[in-house]
Amino acid sequence: MLEITACRAMLAALLLSASCALAACATADTPATTASSDALESARIERGQHLAVTNCSGCHAIGRSGDSRHPMAPPFRQLSRNYHVNELEEAFAEGVLVGHPDMPEFTLSPEDVDSLLSYIQSVQERRGA
Ligand code: HEC
């Protein structure tokens, strides 16, 4: 129970910071793309996918289709419905993931977080914008 309460509190904080940041993000969010940064990015995505398969796919649908095995776990491709994906970085870094119910503790290095986020970003459903 304690765990879930802590999780809720962190989620609330996360949502707050996400919605504050959202207004600013529309303009701030245009990464420069060059050939070499593309290559780096695909390497990151690949690594992130591997991490997701290994650590997350037991509960979350991690690809572009399919259902999560855990009924409460949101499919990764839908995370941007609730969060600006960039905002997740902070959440990962601060250990929100450790807070979710049923979820084993992960120790993710900053590189792992980066990779996972790149991967998650790469499978987001494109909606409207
Ligand atoms: C044992 C099951 C399980 C595993 C493994 C798991 N998750 Fe989750 N995850 C959940 C559940 C359940 C929720 C929904 C929590 C809620 O709604 O309170 C969730 C929610 C999330 C959320 C939404 C934010 C939040 O806290 O609600 C993110 C992001 C997330 N998981 C990322 C990951 C990542 C990344 C991995 C792999 C490193 C992972 N999860 C592995 C069960 C799991």
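Biologist: In what order do the elements of the chain run from the N terminus on?

Modeller: In this predicted model, the elements run α-α-α-α-α-α from the N terminus on. The chain has six helices and zero strands.

Biologist: What makes α2 a helix of the expected span?

Modeller: Helix α2 covers residues 35-55, which is 21 residues. The expected span is 1.5 Å times one less than the number of residues, and for α2 this gives 30 Å. From its first C-alpha to its last, α2 reaches 30 Å, close to that expectation.

Biologist: Which residues of α2 are buried, and how do you know that they lie on the same side of α2?

Modeller: The buried residues of α2 are G48, Q49 and L51. They cover an arc of only 165 degrees around the axis, and therefore they lie on the same side of α2. The face turned away from this buried side carries the exposed residues A35, S36, A39, S42, A43 and T54.

Biologist: Against which helix do the buried residues of α2 pack?

Modeller: They pack against α6. Among the residues of α2 that take part in this meeting are E41, R44 and L51, while α6 contributes residues including D112, L116 and Y119. L51 itself touches D112, S115 and L116, leaving aside residues up to four places away in sequence.

Biologist: Why are α2 and α6 called roughly perpendicular?

Modeller: Angles of 65 to 115 degrees count as roughly perpendicular. The angle between α2 and α6 is about 95 degrees, with their axes 7 Å apart. The two helices are therefore roughly perpendicular to each other.

Biologist: What makes up the largest nonpolar core?

Modeller: Ten residues form this core: L51, C56, A61, I62, F76, V113, L116, Y119, I120 and V123. Helix α6, residues 110-122, gives the most to this core, with four residues.

Biologist: How much of the chain is buried?

Modeller: Of the 129 residues in the chain, 15% are buried.

Biologist: Why is H84 called partly exposed?

Modeller: A residue is buried with 20 or more other C-beta atoms within 10 Å of its own, exposed with 12 or fewer, and partly exposed in between. H84 has 16 C-beta neighbours inside 10 Å, and so H84 counts as partly exposed.

Biologist: Where does H84 lie in the chain, and how far is H84 from Q121 in space?

Modeller: H84 is in the loop between α3 (79-82) and α4 (85-94). H84 and Q121 are 37 residues apart in sequence, and their C-alpha atoms are 9.7 Å apart in space.

Terms used:
Residues are numbered from 1 along each chain as its sequence is written. This is a predicted model: local features need pLDDT of at least 70, side-chain atom pairs count only at pLDDT 80 or more; totals for chains, interfaces and linings use all residues. A nonpolar core is a set of buried Ala, Val, Leu, Ile, Met, Phe, Trp, Tyr and Cys residues joined through C-beta atoms within 7 Å. Two residues are in contact if their C-beta atoms, placed from the backbone, lie within 7 Å. The arc is that of the directions from the helix axis to the C-beta atoms. Axes are lines fitted to C-alpha atoms, for helices over the stretch in contact, and angles run from 0 to 180 degrees between N-to-C directions. Angles under 35 degrees count as roughly parallel, over 145 as roughly antiparallel, 65 to 115 as roughly perpendicular and the rest as oblique.
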